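Below are my notes on the model, as numbered points. Please read them with the structure open.

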Amino acid sequence: MFEEPEWAEAAPVAAGLGPVISRPPPAASSQNKVPLEDESVDVAVFCLSLMGTNIRDFLEEANRVLKPGGLLKVAEVSSRFEDVRTFLRAVTKLGFKIVSKDLTNSHFFLFDFQKTGPPLVGPKAQLSGLQLQPCLYKRR
């Protein structure tokens with residue numbers, strides 16, 4: 001049986017989307033950070049989890065916990081992407097390089113990124129590629 005870690009109970013929840021964990025501003029409390037040490041994780045996976053409006057926070061937190069050269073795997077609904085290239089460019093500016101992408105599935109896109117270092121842009125830099133569209137569901 002799956003048991004949620006103790007820290008998950010304290011994580012804020014966004015309207016039906018499950019726990020939303022984001023990195024706080026430097027002056028904020030560390031309670032909102034994922035309870036993992038910097039550069040302590042080999043692989044981070046976002047599978048249908050970039051539903052919040054703070055995607056950048058999620059990706060920056062993944063960068064923080066990933067070891068140098070660590071992998072970020074993203075699986076997301078294809079209808080959410082207006083322009084895949086702008087999304088990829090935005091993610092690379094956050095300290096990742098694209099290792100592989102699979103755009104062949106009509107419903108989901110799969111991406112593998114490797115951590116190259118800290119984000120290359122400041123926190124106030126605009127990254128339009130991270131504004132994904134709402135999911136489109138079709139009746140079957």
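1. Which strands does helix α2 lie across, and at about what angle does it run to β2? Helix α2, residues 55-65, lies across β1, β2, β3 and β4, and its direction makes about 150° with β2. Angles run from 0 to 180 degrees between N-to-C directions, with axes fitted as lines to C-alpha atoms, for helices over the stretch in contact. Helix α3 (residues 84-93) also packs on the sheet, where it touches β3 and β4. The direction of α3 is at about 25° to that of β4. Contact here means heavy atoms within 4.5 Å.

2. On the source: this is a predicted model, in which local features need pLDDT of at least 70 and side-chain atom pairs count only at pLDDT 80 or more, while totals for chains, interfaces and linings use all residues. Residues are numbered from 1 along each chain as its sequence is written, and side-chain values use heavy atoms, leaving out hydrogens and water.

3. The sheet is open and has four strands in the order β1-β2-β4-β3, with mixed pairing. Its edge strands are β1 (41-47) and β3 (96-102), each of which pairs on one side only. From one strand to the next the twist averages 15°. Helices (H or I, at least four residues) and strands (E, at least two) are DSSP runs numbered from the N terminus, and two strands pair if DSSP finds at least two bridges between them.

4. Strand β4 (residues 108-115) runs antiparallel to β2 (residues 66-77), and seven bridges join the two. Within this pairing, Lys 73 has Asp 112 in β4 as its bridge partner.

5. Strands β3 and β4 are also antiparallel, joined by six bridges. A hairpin through five residues connects β3 to β4. Opposite Asp 112 in β4 stands Ser 100, and opposite Phe 111 in β4 stands Lys 101.

6. Two backbone angles deserve a look. Glu 39, in the loop between α1 (6-10) and β1, has a positive phi of about 50° although it is not a glycine. Leu 48, in the loop between β1 and α2, likewise is not a glycine and has a positive phi, of about 55°. Glu 39 counts as partly exposed because its relative accessibility is 43%; Leu 48 is partly exposed because its relative accessible area is 37%. The cut-offs are under 20% relative accessible area for buried, over 50% for exposed and in between for partly exposed (1.4 Å probe, protein chains only).

7. Is Ser 78 buried or exposed? Ser 78 is buried, because its relative accessible area is 12%. This residue is in the loop between β2 and α3. Not counting residues up to four places away in sequence, Ser 78 touches Ser 106, His 107, Phe 108 and Phe 109.
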